Amino acid sequence: GPTTMADGVTLTRDDNIGIITLDNPPVNGLSFAVRRGLADQVEAALSDDAIEAIVVRGAGKMFCGGADIRQFGQTPPADAANLPAVINRIENSSKPVVAAIHGVAAGGGLEVGLGCHYRLASTGTRLGLPEVTLGFVPGAGGTQRLPRLIGVQNALDVIVNGRLLPSERAQALGIVDEVVDGDLLTRAVTFARGLV
């Protein structure tokens, strides 16, 4: 299908599945522009009647490394998209949203994944909320969504340790619904189609 690009985020269509791809090398960091692009592409996918389910993925070597640390302390532009609001929009989507996670999903990257309705992760993926190692608490819903998903004690362990978990451990805890050994996007599109 046609591809539209907005601020480092693309939307393509595979029949009835919209595929939103974060494409901001090297780690698909959630810069101000990428947050705006993600917000815009989520709206585009939700308003397209031909799209019945959505897959969110990362280009290149990982899903998303989280916030763009180069922008820490900078004042957001006037039209900046608020990351918690974007994630709420994903979570409240009437269309099923599947995160297809490979490489790393860290911090805000995992928080985007937690806002999706399902999470598939490639073998060898690492997931976590390492914010505490930088001296702050996850700020885009991770402190609420992770406990709801895996319980308070498990979530506290993940958040307080700040370590990245291998995909198999994340699945055992219930963060990941399925570990994929094979082509992740193909499986994610098939999985999304099965939800329609």
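Mentor: Start with Arg-89, which counts as partly exposed at 36% relative accessibility (buried is under 20% relative accessible area, exposed over 50%, partly exposed in between, using a 1.4 Å probe and protein chains only). This is a predicted model, where local features need pLDDT of at least 70 and side-chain atom pairs 80 or more, while totals for chains, interfaces and linings use all residues. Residues are numbered from 1 along each chain as its sequence is written, and side-chain values use heavy atoms, without hydrogens and water.

Trainee: Which side chain meets Arg-89 in a salt bridge?
Mentor: A salt bridge is a side-chain nitrogen of Lys or Arg within 4 Å of a carboxyl oxygen of Asp or Glu. Here Glu-43 pairs with Arg-89 at 2.6 Å, N to O. The two sit 46 residues apart, Glu-43 in helix α1 and Arg-89 in helix α2 (helices are DSSP runs of H or I, at least four residues, and strands are runs of E, at least two, numbered from the N terminus). Glu-43 is partly exposed too, at 35%.

Trainee: How far apart in helix α1 are Arg-36 and Asp-40?
Mentor: Four residues, so about one helical turn separates them. Their salt bridge has its closest N and O atoms 3.2 Å apart.

Trainee: And which helices do Glu-91 and Arg-148 lie in?
Mentor: These side chains form a salt bridge of 3.7 Å, N to O. Glu-91 lies in α2 and Arg-148 in α4, so the pair ties together parts 57 residues apart in sequence. Arg-148 is exposed at 59%, whereas Glu-91 is partly exposed at 27%. Arg-145 joins both in a network of salt bridges.
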